[in-house]
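Please open the structure in your viewer and keep the selection tool at hand.

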Amino acid sequence: MKHAYLAHSGREGHGRPEPLKEHLELVAQRAARHAKVFGAETEAKVAGLLHDIGKYSELFLRRLQGKEQGLDHWSPGAVFVWHSYQHNALGATLAVQGHHLGLQHGCVDDLSQELASGRLKDAQPSERRVTESDLKALFQRLRDDGLDRPPAPKQSIFNSETPPAAGMLDARMLFSALVDADYLETEAHFQGELDGTKRYRPEGSGLEAERALEFVRRHVAKLQQGVDSSEDVSGIRDDLFRACLTAADQPPGLFTLCAPTGSGKTLAMLAFALRHAVQHDLRRIVMVIPYLTIIEQTAREYRKILQPFLGDHYLLEHHSLAGTRDGQGDKETDTEDYADQTARLLAENWDAPLIVTTSVQCLESLFANRPSACRKLHRLARSVILFDEVQTLPPKLAVPTLATLSRLAERYGTSVVFSTATQPAFDHLDVQVRKYAPAGWQPRAIVPQADDLFRRARRTEVSWDVAEPLSWEEVANALAKEENEQVLCIVNLKRHA
């Protein structure tokens with residue numbers, strides 16, 4: 001019996017259901033567009049066209065009618081991809097298997113054994129029934145629906161011989177392209193009209209890096225004219241800004257920015273990123289900061305410069321206090337205005353030219369297996385990621401983090417900047433990083449002569465007098481000497497103060 005196979009029911013339980021063929025074609029096209037920027041469009045198209053092939057079954061039709069539940073429609077697609085393409089589409093196999101439950105496998109040997117048996121195991125044991133185990137029947141239904149297997153990729157984005165951190169990022173990037181495409185197309189169907197007309201969310205704007213850089217230049221020039229800081233401080237800020245603009249002409253890759261507090265790093269980093277994007281046609285800028293207070297200050301400053309000219313959604317804040325964190329706003333309310341809804345949607349997949357977010361949000365996404373957390377990762381290809389206050393990176397996470405970022409720079413055309421007033425000795429981890437990512441960790445200094453900036457910025461003298469313990473009275477008398485214009489005294493306890 002020939003059926004009209006469906007991907008989704010109608011909106012709100014009625015209206016036009018979505019034909020499976022339509023959904024598969026749309027997801028394949030969008031996933032390929034997402035992955036084109038890093039050269040994996042062919043494999044992404046394979047993943048998109050075959051990710052829901054398990055829905056070509058009577059069991060799934062009964063599921064849409066409310067007569068079945070607890071079904072697994074993703075494993076048939078993964079097994080079908082594997083049998084069709086073998087290692088040439090191993091990344092697509094992983095992505096298809098995980099597009100609902102999340103990425104399941106890190107060991108290709110285990111995966112291959114399961115695939116050879118024709119059945120994939122979930123990371124967590126499941127009672128779900130597979131919708132269809134007959135691969136020949138699935139292929140016939142696909143062809144009866146007017147579709148066919150896409151051309152085979154020359155090779156998969158995921159190679160089992162790639163060092164682990166690099167390989168898992170490769171798998172996640174393709175996974176990201178698939179799940180974001182699937183989310184967007186499914187959302188457009190359920191947000192659409194009852195006649196089946198799809199309604200797509202508004203897309204983020206372009207970076208317009210050259211225009212944005214001009215606005216930043218004007219703002220900095222205005223600041224230099226209006227501030228009452230000393231000539232020394234103004235000179236340091238001017239030199240740092242010019243050094244960042246000069247360094248931006250270098251090829252994309254790994255960078256460090258070491259400069260004293262108060263030297264204008266916040267604007268200098270943005271200027272570097274914008275100029276770098278102009279020179280190398282990069283797509284977006286992501287500012288990663290560990291502290292919410294600094295995030296809000298930074299976003300406020302950037303927004304003041306750019307929002308009047310480039311619009312409300314040019315800059316996106318993604319953190320717990322911005323109302324755009326994963327899982328927030330899952331249910332729209334009458335009080336949520338259009339701007340809030342748009343920001344929340346853009347935050348789901350970082351579809352904005354300038355993003356300010358937390359270290360936790362960024363790093364968790366780089367190592368996550370969940371579709372919702374990973375769907376933004378494809379946006380990081382050919383971008384600039386600015387990490388501020390990198391000395392806060394936990395030491396035990398340093399090597400895997402550096403390895404993943406190294407791979408992002410090496411394979412995906414992304415530039416990564418580590419900025420701080422006190423640069424950690426990450427350079428010494430190069431050998432360890434190479435065990436997990438072939439390019440290692442060898443960043444270039446944006447300001448080669450940073451010591452000179454620190455010398456010019458020195459405003460205090462530290463003297464240590466620890467030969468003998470002092471009484472509180474002796475400490476107080478020392479602090480009160482007339483020659484001390486300013487003094488900072490730090491003690492252990494409030495009662496000591």
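Two residues are in contact when heavy atoms of theirs lie within 4.5 Å. Please note also that this is a predicted model.

**First stop: F387.** Select F387 and display its surroundings. Leaving aside residues up to four places away in sequence, F387 touches M269, V288, C362, L363, L405, V416, V417, F418 and S419.

**Second stop: the cores.** Now widen the view to the largest nonpolar core, which has 86 residues. Y56, F387 and F418 are the residues with the most contacts inside this core. Which helix gives the most to this core? That helix is α8, with 12 residues. Apart from this core lies another, of 44 residues; among them are C244, F272, L274 and A299. In soluble globular proteins, nonpolar side chains tend to be buried together.

Select residues 90-98 for helix α5 and residues 164-190 for helix α8. Their axes are 9 Å apart, and the helices pack at an angle of about 50°, which means that α5 is oblique to α8. The crossing is right-handed. On α5, the contact involves G91, A92, L94, A95, V96 and G98; on α8, it involves A171, L174, F175 and L178. These residues comprise 8 nonpolar, 2 polar and no charged.

Finally, select residues 74-85 (helix α4) and residues 135-144 (helix α7). At what angle do their axes cross? The axes cross at roughly 90° and come within 11 Å, so α4 is roughly perpendicular to α7. P76, V79, F80 and H83 of α4 meet L135, L138 and F139 of α7 in this contact, which has 6 nonpolar, 1 polar and no charged residues.

Technical notes:
Residues numbered from 1 in each chain as written. Predicted model: local features only at pLDDT ≥ 70, side-chain atom pairs only at ≥ 80, totals over all residues. Heavy atoms only, no water. Axes fitted to C-alpha atoms, helices over the stretch in contact; angles between N-to-C directions. Helix = DSSP H or I, 4+ residues; strand = E, 2+ residues; numbered from the N terminus. Parallel < 35°, antiparallel > 145°, perpendicular 65-115°, else oblique. Left-handed = near helix turned anticlockwise from the far one by under 90°. Nonpolar A, V, L, I, M, F, W, Y, C, P; charged D, E, K, R; others polar. Core = buried A, V, L, I, M, F, W, Y, C linked by side-chain atoms within 4.5 Å. Buried < 20%, exposed > 50% of the residue type's maximum accessible area, 1.4 Å probe, protein only.
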